[in-house]
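Let us walk through this structure one step at a time. Keep the sequence beside the picture as you read.

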Amino acid sequence: SDLFPSHDSIGYRGIRAEISKYFGLRYEYSESDGSVEKSYYPVTKNYQISGYKVRKHPKEFAFPGPLGETGKSCDLFMQFRFKNPVNKTCVIACGEVDALSCYQMLSDFSEKKGYEDKVAVVSATVGETGSASQFKLQYDWFEQFSKIIYIPDQDEAGVAAMHKIAEVLPKGRMHVMTLPYSIVTGK
């Protein structure tokens, strides 16, 4: 199949095509059944494209790995859309698909309520366990927000990352959203 054929998610994981296009995602499709085979998540550095994280589906970061630069010195995933945010709330999700889903949900809610200013949603490009080091490098960007809502993965690694992240974000601004079911507590 062709590399980077389309922004169209064809409904993969519930992400609409206009959301994929807005954030610059690209998809590669299976020649056998037309389903999404790989996703290409754009990564920026200083708000300019620097590379793509490549994910082979269902969930495997594809060989030979990322295209270009995607490490901790880069901007956060989707940050380029929120360079100078008007809304003073930021949500940190734990992964690209979670960030896209969260943005789509909050955007739909904002539109329904008539709010013009979109909530910034980002995730690390280096995975949850290494995210604190990337967030620390983006401290000045996080300073723009009065409320930073962190949604950790509901596992032990997510809880451990949460404590490290709290140490590097602006003091008194981080709030933690716990989801209804936690693998850690079983509740």
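This is a predicted model: local features need pLDDT of at least 70, side-chain atom pairs count only at pLDDT 80 or more; totals for chains, interfaces and linings use all residues.

Residues are numbered from 1 along each chain as its sequence is written, and side-chain values use heavy atoms, with hydrogens and water left out.

Now step back to the strands. Strand S6 covers residues 89-92, and strand S8 covers residues 147-150. They pair in the parallel sense over four bridges. Strands (E, at least two residues) and helices (H or I, at least four) are DSSP runs, numbered from the N terminus. Two strands pair if DSSP finds at least two bridges between them.

Next, the sheet. Four strands form an open sheet in the order S7-S6-S8-S9, with parallel pairing. At the edges lie strand S7 (120-122) and strand S9 (174-176), each pairing on one side only. Neighbouring strands of this sheet are turned by 25° against each other on average, direction ignored. Helix H2 packs on the sheet and touches S6 and S7. The direction of H2 makes about 165° with that of S7. Here contact means heavy atoms within 4.5 Å. Axes are lines fitted to C-alpha atoms, for helices over the stretch in contact, and angles run from 0 to 180 degrees between N-to-C directions.

Other strands run antiparallel. S2 and strand S3 (residues 48-56) pair in that sense over eight bridges. Thr-44 stands opposite Ile-49 in S3. The hairpin of S2 and S3 has two residues between the strands, and Asn-46 takes a positive phi near 55° there. S3 is also joined to strand S5 (residues 67-68) by two bridges, again antiparallel. Tyr-52 stands opposite Leu-67 in S5.

On a 1 Å grid over the protein atoms alone, a cavity is a set of points where a 1.4 Å probe fits but cannot get out, and lining residues have an atom within 4 Å of a point. The largest cavity has a volume of about 30 Å³, the space filled by probe spheres set on the points, which are joined across faces, edges and corners. Its lining includes Tyr-12, Arg-13, Ser-39 and Leu-100. Strand S2 (36-45) and helix H2 (96-113) are the elements that give two or more residues to this lining.

Key
On a 1 Å grid over the protein atoms alone, a cavity is a set of points where a 1.4 Å probe fits but cannot get out, and a pocket is an open set with protein on both sides within 12 Å along at least five of seven lines; lining residues have an atom within 4 Å of a point.
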